[in-house]
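Please look over the model shown here before reading on.

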Amino acid sequence: MEIDWEPPLPAGYNDLHRSFLQNFMAQGTLTLKQGKKLLADLKSKTTFEPVDPDTITLDQFTDAIRTAREAVEPLDYDIRYMRDQVRDERVWVFYNTQSDPASQMATVHSAEEVAYIKRLLDAMFETYNTPRMEVMAVDEGQALKVSRPSRQSMGNGHVNGANGEDAEGSQSATRGLKHSEVLALLSNLVAEGWLEKSRDGFYSLGTRALVELWSWLVATYNDEEEEWQHIKFCEACKEIVTHGQRCNNVDCTIRLHDVCEGNFWRTRPDRKCPKCQTEWDGSQFVGERAITSRSAFQRSRAGRRGRRSEVAEDAGEEEAED
Ligand SMILES: [Zn+2]
Ligand SMILES: [Zn+2]
């Protein structure tokens, strides 16, 4: 027994670093703006004078991040940033490098809720993510549809089967959630930054979830044998694309984020797909616009607001019949 053992800490680790890390862990994510505000608040507590967040430099922020990473690295935690696909801002995420939804969510969500979240992920990345329609999002009606496990999924739960992380008994013991419980859970997941809810009412994975579940999503939903993968990456930045553009050639697997395409084309002689040379006109989408850009959805949005869910459903079924 090494009684004198002290955990290794980064050189110069102080109370400011400690408080920064504790706040970051509690929040899960930080934008640069939030990070500057946090550092300013912490500094003002030690100097007893207000500190203007704008006086905090990017260097000071990245230094705090670097020290925090060093401190948590031995515990299998890390911090990395990802550009938010919609808001086009960098988001730093504190995450467990050995990550799957069960271990991520188990501390704050019940086993029933975690089982529901797996069904929701299956809906996003399998049911509503096909070669023709890469929606990777669900509307409220679709989210409610998986509130209880289907008889089919009881037999071959993709998520449980693929990772083998759940005892077989827990799947069959799942009774599911009531609709009111699903709606409450969805709004909690949005508040926690796991899910995004769009203006048109679609739920998709937030930047936090994309960073935390990155390797789990790829291991669970992608099959190396296939040309078309459920999880695809931006040709420019190599991050996961759940909101973006796709090649006009339906058989081609090239995808780009909206926030990346400007720079991507600027360095090229023409707007042609780098793989299949098809003209790239930015009219084919990954994400909810695969549905919302369709005229049927737009008619429904303009007229029969209440029937939105059915239109999304029709689009899904149309696909399923192919
Ligand atoms: Zn990108
Ligand atoms: Zn192409």
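Predicted model: local features only at pLDDT ≥ 70, side-chain atom pairs only at ≥ 80, totals over all residues.

Residues are numbered from 1 along each chain as its sequence is written, and chains are lettered from A and ligands numbered from 1 in the order in which they are written.

Helices (H or I, at least four residues) and strands (E, at least two) are DSSP runs, numbered from the N terminus. Two strands pair if DSSP finds at least two bridges between them.

**Sheet S1-S3-S2**

- Strands S1, S3 and S2 form, in that order, an open sheet of 3 strands with antiparallel pairing.
- S1 (29-31) and S2 stand at the edges with a single partner strand each, so one side of each has no neighbour in the sheet.
- On average, neighbouring strands here are turned by 25 degrees against each other, direction ignored; axes are lines fitted to C-alpha atoms, for helices over the stretch in contact, and angles run from 0 to 180 degrees between N-to-C directions.
- Helix H2 (residues 32-47) packs on this sheet and touches S1 and S3, its direction making about 95 degrees with that of S1; contact requires C-beta atoms, placed from the backbone, within 7 Å.

**Strand pairing around S3**

- S2 and S3 (residues 90-96) run antiparallel and are joined by 7 bridges.
- Met-82 stands opposite Val-91 of S3, and Tyr-81 stands opposite Trp-92 of S3.
- Trp-92 is also the bridge partner of Leu-30, and S1 and S3 pair in the antiparallel sense over 3 bridges.
- The hairpin of S2 and S3 has 6 residues between the strands, and Asp-88 there takes a positive phi near 55 degrees.

**Loop residue Glu-73**

- Glu-73 lies in the loop between helix H3 (58-72) and strand S2 (77-83).
- Glu-73 is partly exposed because 14 other C-beta atoms lie within 10 Å.
- The C-alpha atoms of Glu-73 and Asn-96 are separated by 9.6 Å, with the two residues 23 apart along the chain.

**Sheet S8-S7-S9**

- Another open sheet of 3 strands has the order S8-S7-S9 and antiparallel pairing.
- Its edges are S8 (255-256) and S9 (285-286), each with a single partner strand, so one side of each is left without a neighbour in the sheet.
- S7 (residues 244-246) and S9 run antiparallel and are joined by 2 bridges, with Phe-285 in S9 as the bridge partner of Gln-245.

Note on methods:
Buried ≥ 20, exposed ≤ 12 C-beta atoms within 10 Å, placed from the backbone. Contact = placed C-beta atoms within 7 Å.
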